[in-house]
Amino acid sequence: MRIFDPHIHMTSRTTDDYTAMYEAGVRALVEPSFWLGQPRTSPGSFYDYFDSLLGWEPFRAAQHGIAHHCTIALNPKEAGDPRCVPVLDELPRYLVKDGVVAVGEIGYDSMTPAEDTALAVQLQLAADHGLPALVHTPHRDKAAGLRRTLDVLRESSLPPERVVLDHLNEATVGEAADSGCWMGFSIYPDTKMDEVRMVRLLRLHGTDRVLVNSAADWGRSDPLKTRAVGDAMLDAGFTDDEVDQVLWRNPVAFYGQSGRLEPELEPAPPAEPATHEGNSILRGGE
């Protein structure tokens with residue numbers, strides 16, 4: 001089973017997670033930019049973080065045989081903080097980088113006017129740079145947040161087939177499917193969706209335009225939930241081809257719209273000794 005996790009926050013994970021993911025079949029991933037759990041206090045902290053998504057994390061992933069890509073954006077959680085808004089002006093210099101395959105995460109957290117502005121600006125940046133967009137639907141009042149998101153999308157220059165609406169559930173999947181956008185589902189141990197509910201939705205809505213991710217971060221989450229969905233699909237009678245479509249071909253098709261996915265996706269074995277800017281991931285070895 002080959003797996004492309006289209007939304008996972010590896011900055012928050014350990015090297016042991018990379019090893020376990022490879023053993024489970026993960027060969028490629030996309031890491032969206034997001035918040036850090038506490039507020040950033042200056043734009044500079046964003047730029048160091050963006051640089052790590054383009055440098056250190058691809059290096060770390062490659063040591064474990066996994067191709068790493070990222071999305072860049074001012075995330076919804078911090079879009080309303082005046083200290084962070086200047087980041088919007090600096091995004092164009094990051095959106096031209098080879099490893100960036102979408103603008104994201106963008107969308108809503110508290111559904112404020114400042115978030116309206118940040119969403120509209122970044123959808124336009126995606127259109128201007130020929131990139132798809134990864135849109136975060138809010139965790140609170142999700143149905144209203146989705147409708148507000150779709151209103152802004154309809155006013156933007158970005159066509160729906162270049163947008164994935166993420167963190168969907170049973171209450172929002174129907175409207176998302178009708179919009180023509182791609183549908184993203186985050187599989188968690190306790191919150192959001194789980195693999196059993198995901199299989200039910202796949203039976204109802206099919207496997208087209210569906211992205212399944214672990215979204216694993218520093219909270220209670222599991223970077224192997226994509227594999228759990230694949231196993232649950234097989235147990236429920238889905239074919240190997242349908243599993244491959246959901247867990248591999250769909251992410252490749254969506255992010256392939258950026259024109260920046262590597263043809264083979266799997267990185268070559270690293271040269272030894274491998275370092276990034278003088279640093280390796282080895283500790284305690286000879």
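E105 is found in strand β4, residues 100-107. Strands are DSSP runs of E with at least two residues, helices are runs of H or I with at least four, and both are numbered from the N terminus. The model is predicted: local features need pLDDT of at least 70, side-chain atom pairs count only at pLDDT 80 or more, and totals for chains, interfaces and linings use all residues. Residues are numbered from 1 along each chain as its sequence is written, and side-chain values use heavy atoms, with hydrogens and water left out.

A cis peptide bond links G104 to E105, with omega at about -5 degrees. Two residues other than glycine have positive phi: M111, near 55 degrees, and R209, near 60 degrees. Most residues other than glycine have a negative phi, and most peptide bonds are trans. M111 lies in the loop between β4 and α5 (113-128). R209 occupies the loop between α8 (195-205) and β8 (210-213). Their accessibilities were classed as buried (under 20% relative accessible area), exposed (over 50%) or partly exposed (in between), using a 1.4 Å probe and protein chains only. M111 is buried, at 18%. R209 is partly exposed, at 27%.

Aromatic rings of Phe, Tyr and Trp (its six-membered ring) were paired if their centres lie within 6.5 Å; planes under 30 degrees apart count as stacked, over 60 as edge-to-face and the rest as tilted. The count comes to nine aromatic pairs. The ring centres of F50 and Y94 are 5.1 Å apart and the planes meet at 70 degrees, so this pair is edge-to-face. F50 belongs to helix α2 (residues 43-54) and Y94 to helix α4 (residues 87-95), so the pair ties together parts that are 44 residues apart in sequence. F50 is buried, with a relative accessible area of 1%. Y94 is also buried, at 2%. W56 and F59 form a tilted pair, with 5.4 Å between centres and 35 degrees between planes. Both lie in helix α3 (residues 56-62), three residues apart, and are thus separated by about one helical turn. W56 is partly exposed, at 23%, whereas F59 is buried, at 10%. F4, W182, W248, F254 and Y255 form one aromatic cluster.

Charged groups also sit over rings, a relation that requires NZ of Lys or CZ of Arg within 6 Å of the ring centre and within 35 degrees of the ring normal. The charged end of R27 sits over the ring of Y22, 3.5 Å from its centre. K77 lies over the face of W35, at 4.8 Å from the ring centre.

Nonpolar cores were defined as sets of buried Ala, Val, Leu, Ile, Met, Phe, Trp, Tyr and Cys residues joined through side-chain atoms within 4.5 Å. The largest has 69 residues, of which F50, I72, L165, F185 and M198 touch the most other members.

Contacts (heavy atoms within 4.5 Å) were listed for two residues. Residues up to four places away in sequence aside, M198 touches F185, I187, M193, V210, V212 and V229. With the same exclusion, R197 touches N169, E170 and K192. R197 is found in helix α8. R197 is partly exposed, at 23% relative accessible area.
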